[in-house]
Amino acid sequence: DAGVIQSPRHEVTEMGQEVTLRCKPISGHNSLFWYRQTMMRGLELLIYFNNNVPIDDSGMPEDRFSAKMPNASFSTLKIQPSEPRDSAVYFCASSPLAGGPKYTGELFFGEGSRLTVL
Amino acid sequence: KQEVTQIPAALSVPEGENLVLNCSFTDSAIYNLQWFRQDPGKGLTSLLLIQSSQREQTSGRLNASLDKSSGRSTLYIAASQPGDSATYLCAPGAFSSGSARQLTFGSGTQLTVLP
């Protein structure tokens, strides 16, 4: 089975540019999460979706960040405009829906998108 | 707010040693706890998942224990190998919005196993 797929794996951009990160969750997983990892703050949850609906976006740092999930197999995380302090590795993770027959609480992560904003 | 501490931050051992990684968390109202492995430049790989009602889980040379009341978990690695070198992350999961969603991560223990 294919795991969580993220693209691009690496992105280098200049301050002020728009950045779009993409994620394809594992087929059949109805919950999707976006995390950010930095040396200073470790792994932080930015936002998560259940059945394509955003449930908790309290971790989104600023209005410059937005996330969408137009269908069950695709999500985007957009930063506009980007700033150097946004440089980090952004992870997408998915799991079956809580309370469903396949739910164990286990989270499956993608390989991450490493963003560098100059 | 859940806070997770992992000790030690870094550990270097010779091959073949048994070792213990420690994780403590401040809020014992957790749904489960996951241990992950992260190799440099890679994503997180789930190693073990312990439900809040369980005391331990085993997978091969790995054994994770959970003492929810005291807010502690340990990851035991038996007969360590150079291939075990990685960063190990502990993540207790709490209920959020009526379902177990929020994972809070520790900063990890960076393990180096010397051949």
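**View 1. The disulfide of Cys23(B) and Cys90(B) is left-handed, because the torsion about its S-S bond is about -55°.** Welcome to this predicted model, in which local features need pLDDT of at least 70, side-chain atom pairs count only at pLDDT 80 or more, and totals for chains, interfaces and linings use all residues. Residues are numbered from 1 along each chain as its sequence is written, chains are lettered from A and ligands numbered from 1 in the order in which they are written, and side-chain values use heavy atoms, with hydrogens and water left out. The sulfur atoms of Cys23(B) and Cys90(B) lie 1.9 Å apart, and a disulfide here is a pair of cysteine sulfur atoms within 2.5 Å. This pair ties together distant parts of the chain, 67 residues apart: Cys23(B) belongs to strand E3 (residues 19-25) of chain B and Cys90(B) to strand E9 (residues 86-96) of chain B. Strands are DSSP runs (E, at least two residues), just as helices are (H or I, at least four), numbered from the N terminus. Cys23(B) is buried, with a relative accessible area of 3%, and Cys90(B) is buried at 0%. Buried means under 20% relative accessible area, exposed over 50%, and partly exposed in between (1.4 Å probe, protein chains only).

**View 2. In chain A, Cys23(A) and Cys92(A) form a disulfide.** Over all chains, the count comes to two disulfides. The sulfur atoms of Cys23(A) and Cys92(A) are 1.9 Å apart. With a torsion of about -70° around the S-S bond of Cys23(A) and Cys92(A), this disulfide is left-handed. Here, too, distant parts of the chain are linked, 69 residues apart, with Cys23(A) in strand E3 (residues 19-24) of chain A and Cys92(A) in strand E9 (residues 88-95) of chain A. Cys23(A) is buried at a relative accessible area of 1%, and Cys92(A) is buried at 0%.

**View 3. Strand E7(A) meets strand E8 (residues 74-79) of chain A through five bridges.** E7(A) and E8(A) run antiparallel. Look for Asn71(A), which stands opposite Phe74(A) in E8(A).

Definitions and conventions. Pairing = 2+ DSSP bridges.
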